[in-house]
Amino acid sequence: MAIQRTFSIIKPDATKRNLTGAIAAKFEAAGLRIVASKRIQLSLAQAQTFYGVHSERPFFGELCEFMISEPIVVQVLEGEDAIAKNREVMGATNPADADEGTIRKEFALSIGENSVHGSDAPETAAEEIAFFFSGLELVG
Ligand code: CMP
């Protein structure tokens, strides 16, 4: 498997509890390099656009309100098989189903307040990285 890049969000429940460093350390320990990182606060329109694929889901309103409730940290992670590796390090969407040692098992509060987002495929990784970062911000 080649070197890949994936997109990550450290979500409001985690930034609020001062877990940014602890979560970044999990990525680095797994061999993922943080090649871009910034702390931002989303507008409602940005959250709705980013999560547009979920717009018909019953939790869409709750998800968008949560994502704008506090600052988030958006990051680009790089490494061997980075998309799958990041999903492994994050653990299952619902922390009740997440494996021991994963970010969501250790830190997530619920399926909604689940501490991190990670891209699920190469196409979405490319789209999500481009949504938040310009080429100039990706230094490798
Ligand atoms: P994420 O990887 O950011 O992608 C979509 C998010 O929707 C997901 O993580 C969860 O945080 C959230 N989500 C999924 N299912 C539910 C649910 N049943 N209730 C609330 N939020 C949900």
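A residue is near a molecule if one of its heavy atoms lies within 4 Å of it. The model examined here is predicted. Around the ligand stand Lys-11, Tyr-51, His-54, Phe-59, Glu-62, Leu-63, Thr-93, Arg-104, Ile-111, Gly-112, Asn-114 and His-117. This shell divides into 4 nonpolar, 5 polar and 3 charged residues. Lys-11, Glu-62 and Arg-104 belong to the shell, and Lys, Glu and Arg count as charged. The space that the ligand takes is the largest pocket.

Lys-11 places a polar side-chain atom 2.7 Å from an oxygen atom of the ligand. Ile-111 takes part through its backbone: an N or O atom there lies 2.9 Å from a ligand oxygen atom. For Asn-114, the atom concerned is a polar one of the side chain, and it lies 3.3 Å from an oxygen atom of the ligand. On its own, the ligand has 460 Å² of accessible area, and the protein covers 80% of this.

A separate site was also considered. Gly-140 is found in the segment after helix 7, a helix that spans 122-132. Is Gly-140 buried or exposed? Its relative accessible area is 52%, so Gly-140 is exposed; the cut-off for this class is over 50%. Gly-140 can also be placed relative to Arg-33. In sequence, 107 residues separate Gly-140 and Arg-33. In space, the C-alpha atoms of Gly-140 and Arg-33 are 8.6 Å apart.

Terms used:
Residues numbered from 1 in each chain as written. Predicted model: local features only at pLDDT ≥ 70, side-chain atom pairs only at ≥ 80, totals over all residues. Heavy atoms only, no water. Polar contact = N/O pair within 3.5 Å; in protein donor to acceptor, adjacent residues only side chain to side chain. Areas by Shrake-Rupley, 256 points an atom, 1.4 Å probe, with all protein chains shown as cover. 1 Å grid on protein atoms, 1.4 Å probe; cavity = no way out; pocket = protein on both sides within 12 Å on 5 of 7 lines; lining within 4 Å. Sits in = over half its atoms within 2 Å of the grid points. Helix = DSSP H or I, 4+ residues; strand = E, 2+ residues; numbered from the N terminus. Buried < 20%, exposed > 50% of the residue type's maximum accessible area, 1.4 Å probe, protein only.
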